[in-house]
Each structure stands twice: as structure tokens, then as C-alpha cells.
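Please keep the sequence and the structure at hand while reading.

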Amino acid sequence: MPENETIQGLDLDEYKYDFVTEVDPVYRAQRGLSEEVVRQISQHKEEPDWMLDFRLKALEVYESKPMPKWGGDLDGLEQVLDEIYFYVRPQDRMQHSWEDVPDEIKDTFEKLGIPEAEREVLAGVGAQYESEMVYHSLREEWEKQGVIFDSIEDGLKNHPELFREHFGTIIPTADNKFSAMNSAVWSGGSFVYIPKGVSLDTPLQAYFRVNQERMGQFERTLIIVDEGAQAHYIEGCTAPVYSTESFHSGVIEIVVKKNARFRYTTIQNWSNNMYNLVTQRAIVEEGANMEWLDGNLGSKLTMKYPSCYLMGEGAHGEILSIAYSGDGQHQDTGGKVVHAAPHTTSSIVSKSISKGHGRSTYRGLLKVHEGAHHARSNVECDALLINETSRTDTYPYIEIEENDANVGHEASVSRIGEEQLFYLTSRGIPEDEAMAMIVRGFIEPIAKELPLEYAVELNRLIELEMEGSVG
Amino acid sequence: MTDASILRIEGLEAKVADEDLSILKGLTLDIGKGEIHAIMGPNGSGKSTLAKVLAGHPGYEATMGSVEFRGADLLDLEADERSQAGVFLAFQYPVEIPGVSIANFLRTAVQAHLPEDEELDVFDFTDILMERMEMLEMDVAFAERHVNDGFSGGEKKRNEILQMAMLKPKLAVMDETDSGLDIDALKIVASGVNKLSEEDPEMSVLLITHYQRLLDYIKPDFVHVMVDGRIVKSGGPEVALELEAGGYSEFETASAS
């Protein structure tokens, strides 16, 4: 790629997604979290009683749990939570055609290139704006085969039995403080069902946008991949830059049934005023395969450890994680794999890049339960530090209760070396470009797994971030 | 050889950037267009420092003297600009760049050598790369390997010659290219350099080496002996043979006294 082309046409000083749309929401709850807010959310969604009870119990659990002390710095969070809106409803009801989405909201997604991607490369698209899904659509061919791809609210309404069988069972309310919070105030997210033996050949995509200041977004996603089915789900997230903090806390529950394959890709590019505390977990049954591809580029603080519970014999779990931390950012990410059945295999590969005063933490748990004989796992975490001021920490927890488990662990920390830079520049490559080339090479094992348009976007971002990072 | 001079080094003194001690202590050398020069010297004489200073390594600092390359002040240019101007350094220890393919690396480097408004045609580039690899008896699959990552010593040196063949320098500085090579690998590397010399008779070469061995395969026009940061003797190919017989001790005592 010619150097000039990659640098021209980019707003070098600006986060590309920093634009605000003027939209008057049809409803906005009062600031902060209270029982009243929880009741209002449930009422707006016309939920059955059991769900209101579920929410109210979750609120109690949330209030009873202390703020976690082990991860990123959450000291300022309580104050932020008092000031944000937990529920903002942007339009009356969800649409299935872009034409029916209000112009201002539609413009936002046009700018983000979503309708275009939908036409070209996706099987279905969901778009969430503030607290609600404003758009959801699935290609007819998949609908005919029984695929369900809808907002989580419509999942509850239209498929109550399937919904209730799984909702809150993969990630129990009390799993952690923020899964409890999400269980109390969840709004938006996707409900996905892939029927037995159906293979989607293009991905489903959900797009999450926070537009207004002091906003909290709490999407909840439930995905059921039935026996022998295959699919790929992608989520993307952006928001404008505000001087005040915003908050995002999602809960993603996935069941991958016997011999099914599923991949969940996240490209998180929140603005740098966002707290992003997400719980993602998949139950992986016999012979099934689950892959998390987790890209964390934005946010102020992210705490997120996608996990695989390998419950059936021969299940395989994979977590590929990439984190970028610039000034003022802390990515506390990694993954968790629990081997609970024989002959299960897993792999965690984590790569982080820290620049300026950025900080990246790898935090991972690998657990092999007694009885999970012949389990195999490999954990690899590599950190790249760009500047002297950049920071990285590694917390790899490994708990093995089975004698014949085969577990490998490797960790490395490297700096972009003067010798590497000199080698590339001595071939005529300018220093900024040489830096970007080294970083791209570092993440290559993960970038090559991304769909092309995301790989291109990731490379562009790195090019942009490496501008002026030399010295 | 004033008109045909391509590199003129005068009274060059240089040191490691953070240290006080000079390594080059007033080095003077003139290389004409198309000439092959060899600098021989014992360990620690400053040979590799000279190579790095010429290529613009940021860890070294020239404190005195001048280096004129094709009429321009070379010391004034950054490393990438020196390469674009036609200087090439074949590294003694080529550096690993994991995750970056040789093809991608070379494409970026060749593009950087073109004028700003000119865009490299990817198909032309691939044709040229294939042709050059064939010339150097390299397997096509080599282009997809990551730069020097997991390469044997011989592969690394061959990769240096491939880069040289793609960038077509006016001056190739070869820093201990023979070190770590067995005789077969040495022959392949030397034949690559000779082919490039034949192709472009105006290309000048500066061979930096500890041993006479390399000079059996690449014939220098001039041989210089470097001791303690200075050239202490210059002459024709016979100088190398004298060294082979007598070693460096004669010069080292001379320099110490």
C-alpha cells in the first residue's frame, strides 16, 4: 500500500466516530439506578411478571455486591453511575426496513457504513441506538430455514419457551456485580437461534451505538446454536467523545450444541470516555467448537474475559484476543476456559499493544476439572510496548485437577526495538510506516482471522495511531 | 578519480550516541563509481561502526569530518532518505520482523524508493520479484515467509542480497556478509553480488570483512586495512594476500606506537 494513500484522507487528530446526532428520544428515564427505573424499563417493554421479578431480584444482588477491586480502576465509577441515564428509548418501535428508521438515526448508521455492509456481505443486521434496537433484519433465505435473528425483546415476546429455557442460565445474575446490574436493567441486544444443521455462509452483525452524553447501554444477547449448525456473529461498537464518562455493560450468553460451530467477533471501538464492563460466556457441548475473536481498541477502561465452558466430550474452545491501549486507556482483557469433560481442547492467544501512557493487562483463567482427562490447552500472551511510559501486566491463572492434562503456557513482553526500526528504515521505509509495519506484523496471527473489511480497518487504525509515536 | 567519485569520506570521527569514546578516529576513504573496495581489519577496529554510520543508524553519532555521497551531505540525511538516495547496507545480523512477509516488506520498500506521485504496479512488482528470486536461486515460496523469522544464517544473508537486488543501490555496503556462512552459501551470496555488479557496472561495493575468504569470490579493486578507527594501509588485491600471510599484528603495533 503506498504510504501517502494510507495517511491521506484520514483525520489524524480525530477519533473517526466522534459525531453526534440530534435526536429527541421518545422516552428517557431519570438519571441513576433505582427500583423505579427498573420498573419503568420493564413496563415500557410490556414484559411478563417473571421478567420484572428477575430484574428486581437482580437489582438486590447488584446492590449487595461490592465493587470489584482486582481489575481496572473503578474508583470514579459510582459517581458516574449516579449521573448517567440507564434507559433512553430513541423511537417507538423497532423497524425491519431502513426506510422506516427515523432519518437522524438512519444517517448515523449510514455514516458507519452499516446498510452498505448489509447489502454486500452480511446475512442479517441488527442496530442498537442508545437503549433499544432500532433496526433488525435477516435475509429471507435464512428466515425460511428457521433462523431467528431478532431483538432480545422480540425473542422474549415471540419465542418465550426457548428464551426462558436459556436466559440467565449461562451467566447467572450473581456471577459478578455487573452481570447483576445488566440483569436488572438490560435493554436491547440480539436473540439468535440457528436451527439444527443450518450453516450460515455469511455473518450476522449487530451494531451498537451510544449517541447521547452520560448514557449507559446494557445490551443483552442470547444465542442458541443448535446441533450441527454453524454461524458467525459480529458486533461493533462506537460512540462520540464526551468530556464526561459513559458506561456500557453487556451480557452475552451463548449455547453451542452438539457438533455445532460458532464464532463471535467483537470489534470494540468505543470512544475513550467509556467504561466497558462486559460478561461473555459460551457453553460448549459435545464435539462442538466455539471461537471468541475479541478486539478491544477503544474505551477508557475495558474489563472483559470471554469464556468457554467445555461441557461435552471433545468440545473445543478458542479465544483470540487483541487489545490496544493508548494514552488514558486501560484494557484489562483476556479469557477464561473451563475444561469439564474428557478430551476437550482449548487455545488462548492474546496480543496487546500499549502506547504512550496506555496500559494493557492480560488476565486469564484456565481450569481443568477432575474427570476432564486428556484435556489439552495452550495459552500464549504477548505484549508489545511502544514507549517507555507504556505498561503491561500479566495474570495467567491455571488450575489443574487432572493428572494427565497437557497444558502449555507462554508469555512474552517486547518493545519495538531500535534495531528493527533501523532495519526497515535502512530500506527506505519512513519511520512511522516502519513502526506501523512492526505492529501489524505483531498482530498478524489474529488480524488474518478477521473478515477482510475489519482487518483493513484495524490496519488503518494502527497506521493512524502510530503517526507521531516515534521518539 | 574526482569526477567519478561516488563516496568521499574525510576525517570522519564517530562514537556511540550515549558514550564519549570515539570509535572512528579520522577515517578517510574515496570510492569511485563502479569500484569494489574491501575494508579488512581485526575485531574492534570499527569496521561495523563505519557501516552503521554510513547507513544512518540512530545509535551512532558522527562528531567530526564529512561524508559526501553523489555530491550530497550524507550525514544530513535520515536512514530512510539515505536508502532512497542509493545507499544499501547488507546487515551482518539481519533483524527478524515477525508477521511481515518478505513480499509485503519489499513492496513497501520499493514503493518508498519511487517518486512521491508514482504508484508501484503490483503486477510489475511481482514479476520483478520472481525474476530476481530466480536469479538468486531462491524458492518462490520464500516471498511469503516472514522477514528473517526462523531463517538459517544462509537464508538471512540471501535475503539481504534479494533486498539489494530489488532496491538496486548505487553503493552497497556489505558488513561481514561472509560471517556465519558455509562455503556453499558463501558462493551463492557472492555470485548474487557479482551478477548485480555485472548488471549495473556503475554500482560501487564496499566489502567489510575480517577474512580473506570472501575476496576469493568477490574480487576487489582496492583493499584497505583498518585498525583502531583509521585506514592504515591501502592498495590493490595483493594487500589482502599479505594480510592472510602476516595477520594484523604488524598494523596493530604500528597503530599503538
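The paragraphs below take up the helix, its packing, a loop residue and the cores in turn.

This is a predicted model, in which local features need pLDDT of at least 70 and side-chain atom pairs count only at pLDDT 80 or more, while totals for chains, interfaces and linings use all residues. Residues are numbered from 1 along each chain as its sequence is written, chains are lettered from A and ligands numbered from 1 in the order in which they are written, and side-chain values use heavy atoms, with hydrogens and water left out.

Helices (H or I, at least four residues) and strands (E, at least two) are DSSP runs, numbered from the N terminus. Helix α5 of chain B covers residues 153-167, and its end C-alpha atoms lie 22 Å apart, which agrees with the 21 Å that its 15 residues should span at 1.5 Å a residue; the expected span is 1.5 Å times one less than the number of residues. The buried residues include K156(B), K157(B) and E160(B). Their cover includes α11 (418-425) of chain A as well as α3 (102-112) and α4 (122-135) of chain B. After the helix comes K168(B), whose phi is positive, near 45°.

| α3(B) | I102(B), F105(B), L106(B), A109(B), V110(B) |
| α5(B) | N159(B), L162(B), Q163(B), M166(B), L167(B) |

In the loop between α4 and α5 of chain B lies V140(B), which is partly exposed with a relative accessible area of 47%. Leaving aside neighbours within four places in sequence, V140(B) is in contact with M130(B) and M133(B).

A nonpolar core is a set of buried Ala, Val, Leu, Ile, Met, Phe, Trp, Tyr and Cys residues joined through side-chain atoms within 4.5 Å. The largest has 116 residues, and L54(B) and L162(B) are among those with the most contacts inside it; its largest share, 10 residues, comes from helix α12 (residues 431-447) of chain A. A second, separate core of 48 residues includes Y85(A), A239(A), I348(A) and C381(A).

Key. Buried means under 20% relative accessible area, exposed over 50%, partly exposed in between (1.4 Å probe, protein chains only). Contact means heavy atoms within 4.5 Å.
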